[in-house]
Amino acid sequence: MSDVTLEALTKTYGDEVAVDGIDLTIRDGEILGIVGPSGCGKTTTLRTIAGFETPTHGRVLFDGVDVTHVPPEERNTGLVFQSYALFDTMTVRENVAFGPKMQGAPKDERRDRADELLALLDIGELADRRPTTLSGGQQQRVGLARALAIEPHVLLLDEPMTGLDAELKTRLREEITGLLADLEVTALYVTHDQEEAMAMCDRIAVLNDGTVEQVGTPAEIYRYPTNSFVANFIGSSTLLEGTAENGHVDLGFTELGLEVPTSGTVTLAARPKAFDLGDTGPISAEVTNVTYLGDRTRLTARVPDGTNVTLHADGMETYQPGETVSLSIDDTRIHLLE
């Protein structure tokens with residue numbers, strides 16, 4: 001295992017800035033997720049750690065050692081891509097054993113290592129088959145086994161579950177998270193799927209326009225977003241503008257008893273759970289959109305000042321656009337943005 005440190009990492013392509021001065025650490029043995037919209041620098045950051053890209057400025061360090069100009073084959077990083085990139089002319093076992101073979105491991109040792117990993121990933125019976133005969137989920141497991149076979153210092157996963165169905169994703173992310181925890185592998189997990197990152201990663205770095213907006217545990221990112229970008233990108237949030245004075249925030253349509261360390265205009269982030277539906281709520285709102293999600297229903301409702309708020313209701317309850325509902329706001333679930 002290793003810890004990975006990025007110091008003022010910058011990568012430009014002509015006039016285009018892909019990564020802009022990132023300072024970030026992947027701790028020894030943790031899974032760090034990188035999320036953000038398309039073009040925010042996620043994959044460029046991963047490729048720079050792997051050695052496929054040389055930063056324009058800044059450094060990459062493994063365990064405090066500068067590897068910025070060390071070639072990829074000498075960094076001992078395991079790579080798992082969304083395409084799996086398996087060798088169709090080799091069996092599953094040969095695919096997994098390929099890395100140790102390139103490292104000079106004896107034949108018996110690399111065969112044993114491959115069989116051990118295939119058994120660990122519950123695909124031992126596939127060892128003699130070709131990748132083209134496997135399902136997407138099976139290929140994903142083979143790709144992971146091949147990356148782990150070289151006993152990498154750092155495991156780099158780039159959108160590895162893209163294209164898999166929802167049920168398989170859920171099952172695999174639980175299996176992979178448990179496996180990486182057991183092996184104590186340092187891993188960087190790049191994904192556009194925020195739910196995937198929340199479920200699998202110890203910490204998450206949210207990128208936007210090549211910079212890091214916030215780093216924290218999934219709970220910290222969700223409950224205490226640093227700014228409006230993070231609040232809107234991770235989960236659903238309603239941004240409320242208000243005026244703070246003397247321990248209260250006036251939203252125009254209601255007042256909150258919040259201790260805010262400033263006076264004047266403030267922006268608050270309210271997750272759907274911050275709004276309570278009930279017959280006696282002091283806020284009257286008109287339902288404008290209803291989305292049924294099974295165990296819950298997502299509502300969009302317009303409050304008196306014209307703001308649209310997002311809230312969740314029990315999936316057993318029925319609502320219609322145009323219906324008037326009563327709301328209250330739980331002050332403890334409101335977060336003040338910087």
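**Aromatic pairs, charges and a sheet**

Two aromatic pairs turn up in a search of the whole structure; rings of Phe, Tyr and Trp (its six-membered ring) pair if their centres lie within 6.5 Å, and planes under 30 degrees apart count as stacked, over 60 as edge-to-face and the rest as tilted. The model is predicted: local features need pLDDT of at least 70, side-chain atom pairs count only at pLDDT 80 or more, and totals for chains, interfaces and linings use all residues. Residues are numbered from 1 along each chain as its sequence is written, and side-chain values use heavy atoms, leaving out hydrogens and water.

**A stacked pair**
- Phe229 and Phe233 are stacked, at 5.7 Å centre to centre with 10° between the planes.
- The two are about one helical turn apart because they lie four residues apart in helix α8 (residues 228–233); helices (H or I, at least four residues) and strands (E, at least two) are DSSP runs, numbered from the N terminus.
- Phe229 is partly exposed at 22% relative accessibility, while Phe233 is buried at 18% (buried is under 20% relative accessible area, exposed over 50%, partly exposed in between, with a 1.4 Å probe and protein chains only).

**Charges over rings**
- Arg146 has its charged end over the ring of Phe87, 5.3 Å from the ring centre (NZ of Lys or CZ of Arg within 6 Å of the centre and within 35 degrees of the ring normal).
- Arg271 has its charged end over the ring of Tyr222, 4.0 Å from the centre.

**The sheet**
- An open sheet of four strands has the order β2-β1-β4-β5, with antiparallel pairing (strands pair if DSSP finds at least two bridges between them).
- Its edge strands, β2 (16–26) and β5 (65–66), each pair on one side only.
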